[in-house]
Amino acid sequence: MAINFTSARMRAWLAALALFVTPWAGIPAFAQEDPPGRVGRLSELQGEVSWYDEEQGQWVDAERNRPLTSGDRLSTGARTSAELRVGSTVVRLSEGTELELTRIDDERIVLRLHRGSLALNVRARQKAAEIELNTAEASLQPLRSGLYRLDRIDDSTYATALRGALRVDDRDGFTVETGQRVELWREGSGRGLLRSQFMAPQQDGFAAWIASEDRREERSASAQYVSPEMTGAEELDRHGRWEQHPEYGNVWTPSSVPADWAPYRYGRWAWVQPWGWTWVDDAPWGFAPFHYGRWVSWRNRWAWYPGDYVARPVYAPALVAWVGGPNFSVNINLGGPAVAWVPLAPREIYRPWYRSSKRHEERVNYYRPRPGERRPPAQVPTGPIMYGNQGVPGGVTAVPRDVLVQRQPVGRAAIDDRSRQRPVGPLSPLAPPVREVVVVPQQPRERRPVPDVGNIPRERGDRGDRGDRGDRADRGDRGDRGERDRDGVVDLRQPRPPAAQPQPQQPQQQPPQPPRAVPERRERHSEPDQPRTPGERQRGTPQDVLVRPAPVAQPPQPAAQPQRPPAPPQ
């Protein structure tokens, strides 16, 4: 009996200890959670392309070179096309398309097509195993490198393997081989039975466009210097040339830049989770050279040093050091607070300003000493540093603090180097400013020639005998966009009908409710499904402090209508 009593007391003590320890067990893992080393990039856009900005809570005009990551959404308007790249993987969008980047990280690329058409070009077989395409009807997996097309019209998905093989991931799944096109739909309520019908590939303007772009894809000369998995590397051949630096080896120089051009000066800063402050460059080639590698001044011009060849390079929001200290002060010239940064030179250590582990920092700063070369000593992060580019004209960029926090263009607000003496002593590393929520006014978009990508026909053709599939009574009224989709995703493009509420016995005067800010709606867009949890994308960073929220226009509230009391029972 004593043994049983002792055992029971021991079990109770262990259970209490588990309750105390368990909430703290996950904290070190979360604190060491690293941001993804792989991101996407909007490389081409023709016409009206929109992107859902979570910070502003509305759809805004998309811009080239802004990093895209898990949870981002893109939408194209009429007579519009867009191209998205994630490393060597290319996604092209037709008009009237809405795409969600469900997941982009080191392990997976998961894309969800809500409507419209996309083309997927997979360059390597090993990359095909990391990619997944989803719609409300089905999930599809490329089995090897190739060219694939996916259309979603109404409640049907059309999958085409133009080159390669595409696996339909379902309980009774099958493979779509080269030259085949299949229509997929669900029968019954919820995730009903998956039905399919094979047909000839679609021949329209979008098909002609993706075939033309596929033929234009050429082997890049830059592939011998940088990995094709470096997002944005495909632009280097068209906008610059490779040369041999006497100390660093292979360097790349842009072919056409202004006379006073300097890295991290012609563009703007944006807040991108989970990294925080992220550089968005104006140049069409301005992605890879600002998120990988380092910059060096050589022959009175700037050259980009990509570093050693890495098969899967790690993305960084901006390879700069935020600087200040007694040897560099511009507050007097500006009449207010200023921020400054300097591009890192080869072999200088990049210190992330976002939450990351030591392993992530080592991956970003990967360096392999050459035979007979001794690695330079590491910089001391706690004291002033003499940066290699701080004495170069344009090396240090300083702007009023409001230029950064309000996401304004940097070039026209930067302090001219000729108006002050450049810093000659060590500079102190600083933390970037904290985040401030602002509403960025939309600038008129430059209109460019639009390729004829054609219209996706709305005719479904002869589907044959499909039983009761056409009976909407068996699957609910699909015209009501407020109902829940069969895969559990709520369509928020139209207001959800209010749920029935019990009627009060006596009419009561309801107090006025404060208005609620809602995202701007556009008819061709759907709203994101649900707000993300802090563990998905809103991982906190030391600078993630919300101050001075921008005012949002409040919608007028309808006058309260008195409710009629229920009739007395007969």
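This report describes salt bridges in a predicted model.

## Salt bridges overall

Side chains of opposite charge can pair when their charged atoms come close. Across the whole structure, a search finds 32 salt bridges, and some of the residues involved are joined into a network, in which Arg-41, Glu-83, Arg-85, Arg-92, Glu-213, Arg-216, Glu-234, Glu-235 and Arg-238 are linked by such contacts.

## A pair of buried residues

Glu-137 and Arg-152 form a salt bridge through their side chains, with a distance of 2.9 Å from N to O. This pair links distant parts of the chain, since Glu-137 lies in the loop between strand S10 (131–134) and strand S11 (139–142), while Arg-152 belongs to strand S12 (residues 146–153), 15 residues apart. Glu-137 counts as buried at 0% relative accessibility, and Arg-152 is also buried, with a relative accessible area of 12%.

## A pair between two loops

The side chains of Glu-177 and Arg-144 meet in a salt bridge at 3.7 Å, N to O. Here the two residues are 33 residues apart, with Glu-177 in the loop between strand S15 (174–176) and strand S16 (180–187) and Arg-144 in the loop between S11 and S12. Glu-177 is partly exposed at 35% relative accessibility, and Arg-144 is likewise partly exposed, at 30%.

## A strand and a helix joined

Arg-163 and Asp-214 are joined by a salt bridge of 3.0 Å, N to O, between their side chains. The pair connects distant parts of the chain, 51 residues apart, with Arg-163 in strand S13 (residues 156–163) and Asp-214 in helix H3 (residues 205–216). Arg-163 is partly exposed, with a relative accessible area of 36%, whereas Asp-214 is buried at 19%, because buried means under 20% relative accessible area.

Notes: Residues are numbered from 1 along each chain as its sequence is written. This is a predicted model: local features need pLDDT of at least 70, side-chain atom pairs count only at pLDDT 80 or more; totals for chains, interfaces and linings use all residues. Side-chain values use heavy atoms; hydrogens and water are left out. A salt bridge is a side-chain nitrogen of Lys or Arg within 4 Å of a carboxyl oxygen of Asp or Glu. Helices (H or I, at least four residues) and strands (E, at least two) are DSSP runs, numbered from the N terminus. Buried means under 20% relative accessible area, exposed over 50%, partly exposed in between (1.4 Å probe, protein chains only).
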